[in-house]
Amino acid sequence: MTQSWKVENFLEINNGILRIDHIDATELAREYGTPLFVVSEKQLHSNIERLLKIREVIDRPLKISYAAKAMSTMGILRSVREAGIDIEVNSGGELWKALKAGFRGDQINFNGNSKEVWELELAITNEIYAIQVDSLYELSLIAETAERLGKRANVSLRLVPEIESHTHSGLQTALLTSKFGMMPNEAYEAFRQYKDSPHIAMTGIHLHVGSQNPDPQVYTDAFLSLFESLKLIRKETGLKLQHVNIGGGFPVNYIGDEAVEGIPTEINEMLSATFEPADAIRDAWAAVQDSAAGTDLLDDITILIEPGRSIIADTTICLTTVRNTKSRPVSESKIQNPESTIDNWLLTDAGFNILLSMETYKWYYHLISATRPNEPHDTPYKVAGPLCDGGDVYFDIEGQNRLPDHRMLPDNVKPGEVLALLNCGAYSLSQASQYNGRFLPPVVLIRENGELELIRRRDTFADLINNDI
């Protein structure tokens with residue numbers, strides 16, 4: 001690939017070295033060690049500003065709630081709050097962290113399909129904006145908990161709209177085959193049953209069309225589906241709801257403007273998907289307004305979105321060091337080019353314990369040399385992490401064709417060279433583990449003013465046994 005990954009004033013080459021927000025990436029690696037996550041606050045806030053443009057294309061209040069599951073390091077949560085948006089959480093732990101980071105209860109939505117009573121107590125006590133209800137049973141549990149606490153819980157029902165998007169199967173969340181949400185007829189029954197409850201405030205409806213959606217049409221489908229539900233709820237119960245929530249899922253371009261060789265066209269299309277969220281929501285909102293002509297259902301409605309990946313993914317670079325190299329003959333069954341019968345291996349210090357999607361979803365993160373980013377990346381390598389697991393590799397090993405067979409880097413990479421994995425802010429550190437007794441890495445935030453802030457220290461030996469008895 002060419003240097004299509006470069007982003008002006010963010011990811012650039014200066015004096016032959018990769019610079020992140022004008023800071024030498026190799027110096028960061030030397031100062032903090034590797035693996036190391038480096039986050040650009042400027043890019044983070046730019047992504048939020050991009051989403052705030054949606055307010056200019058709709059004539060209703062917009063509530064943007066950052067999906068904390070994408071990355072919930074406290075320094076990131078504080079930076080998101082400072083940018084002026086709200087938050088969506090998926091557990092009592094994330095709810096506690098959001099409150100700790102300074103979010104008010106009315107700034108918090110609580111998703112999830114297996115909530116415990118203590119989590120509901122925390123949500124109801126803090127009078128959060130909405131508990132997204134996943135089933136009739138969960139709604140009864142919320143009602144019991146709110147009554148016991150002498151409170152009224154704000155709830156929104158999550159529906160299953162049966163909307164398919166052309167993304168990874170694991171990222172589909174709006175189908176009958178997914179584990180999320182309740183059937184529309186169940187939701188209508190719930191509205192009838194609880195519309196006059198002193199302990200339940202039925203405030204909205206919610207759906208999520210999945211993540212990394214390559215086609216903006218899914219948002220029009222989602223809005224129209226929610227509007228049809230609004231009409232039926234009004235007809236069946238007389239209720240006029242306060243908000244509709246279409247979730248997140250806006251895509252991130254992981255590969256620049258060149259396809260990755262060795263993976264299918266549809267995977268390339270998904271990984272390179274890009275469109276302006278404001279354009280997608282403008283078109284979707286226009287379609288709904290046409291359908292709503294002559295009704296008052298949308299007069300006082302608030303629109304909620306819950307983006308995560310599109311806020312944090314491209315802000316973050318994982319720096320890793322080559323720790324070992326070796327060569328071995330290519331298996332006869334694998335030889336595609338008779339002139340290339342040797343595989344050169346690079347063993348790094350970043351494995352799937354901190355980049356789990358590379359194993360579970362075979363997710364592609366573009367890899368470059370931070371030491372020599374301006375040199376041709378035309379030499380193939382088998383790149384792998386440090387874990388005692390044969391699946392801890394950066395390439396395809398199972399014939400799934402979701403990752404390339406090799407990674408392309410400059411010639412003659414040796415131990416000590418610093419590499420950079422790009423666009424890996426979403427679902428990396430938040431899913432990380434200490435597998436193999438490995439230390440979780442530090443996180444450095446480059447503040448908007450250019451100052452460095454260590455927002456997570458590297459684990460120590462004590463952290464490996466903190467909870468052991």
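The model is predicted, so local features need pLDDT of at least 70, side-chain atom pairs count only at pLDDT 80 or more, and totals for chains, interfaces and linings use all residues. Residues are numbered from 1 along each chain as its sequence is written, and side-chain values use heavy atoms, with hydrogens and water left out. Helices (H or I, at least four residues) and strands (E, at least two) are DSSP runs, numbered from the N terminus.

**Helix α4 with helix α5**

- Helix α4 (residues 92–100) packs against helix α5 (residues 117–125) at an angle of about 25°, and their axes are 9 Å apart. Axes are lines fitted to C-alpha atoms, for helices over the stretch in contact, and angles run from 0 to 180 degrees between N-to-C directions.
- That angle makes α4 roughly parallel to α5. Angles under 35 degrees count as roughly parallel, over 145 as roughly antiparallel, 65 to 115 as roughly perpendicular and the rest as oblique.
- The crossing of α4 past α5 is left-handed. A crossing is left-handed if the near helix is turned anticlockwise from the far one by less than a right angle, and right-handed if clockwise.
- On the α4 side, G92, G93, L95, W96 and L99 meet W118, E119, L122 and A123 of α5. Contact means heavy atoms within 4.5 Å.
- By class, the contact of α4 with α5 has 6 nonpolar, 2 polar and 1 charged residues. Ala, Val, Leu, Ile, Met, Phe, Trp, Tyr, Cys and Pro count as nonpolar, Asp, Glu, Lys and Arg as charged, and the others, Gly among them, as polar.

- The axes of α6 and α7 come within 10 Å and cross at roughly 25°. That makes α6 roughly parallel to α7.
- The α6–α7 crossing is right-handed. L136, L139, S140 and A143 of α6 make the contact with E186, A190 and Y194 of α7. The residues of this contact divide into 5 nonpolar, 1 polar and 1 charged.
- Helix α7 (residues 184–194) and helix α8 (residues 217–237) have axes that come within 10 Å and cross at roughly 40°. The two helices are therefore oblique to each other.
- The crossing of α7 and α8 is right-handed. From α7, Y188, F191 and R192 meet S229, L232, I233, E236 and T237 of α8. The contact of α7 with α8 has 4 nonpolar, 2 polar and 2 charged residues.

**Cysteines**

- The structure holds 0 disulfides, a disulfide being a pair of cysteine sulfur atoms within 2.5 Å.
- C318 is in no disulfide, and the nearest cysteine sulfur, that of C424, is 5.1 Å away. For C424, the closest cysteine sulfur is likewise the one in C318, too far for a bond.
- C318 is buried, with a relative accessible area of 0%, and C424 is buried with a relative accessible area of 0%. Buried means under 20% relative accessible area, exposed over 50%, and partly exposed in between (1.4 Å probe, protein chains only).

**Backbone features**

- A cis peptide bond joins T34 and P35, with omega about 0°. P35 is in the loop between α1 (25–32) and β4 (36–40).
- N9 has a phi near 65°, a positive value in a residue other than glycine. N9 is found in the segment before β1 (11–14) and counts as partly exposed at 36% relative accessibility.
- N15 is not a glycine either, yet has a positive phi of about 55°. N15 lies in the loop between β1 and β2 (17–20) and is exposed, with a relative accessible area of 72%.

- A278 lies in helix α10 (residues 277–292) and counts as buried at 9% relative accessibility. Not counting residues up to four places away in sequence, A278 touches K53, I54 and V57.
- From A278 to L403 the C-alpha to C-alpha distance is 31 Å, and the two are 125 residues apart in sequence.
- R148 lies in helix α6 (residues 136–149) and counts as exposed at 52% relative accessibility. Not counting residues up to four places away in sequence, R148 touches V117 and E121.
- The C-alpha atoms of R148 and E88 are separated by 25 Å, and these residues are 60 residues apart along the chain.
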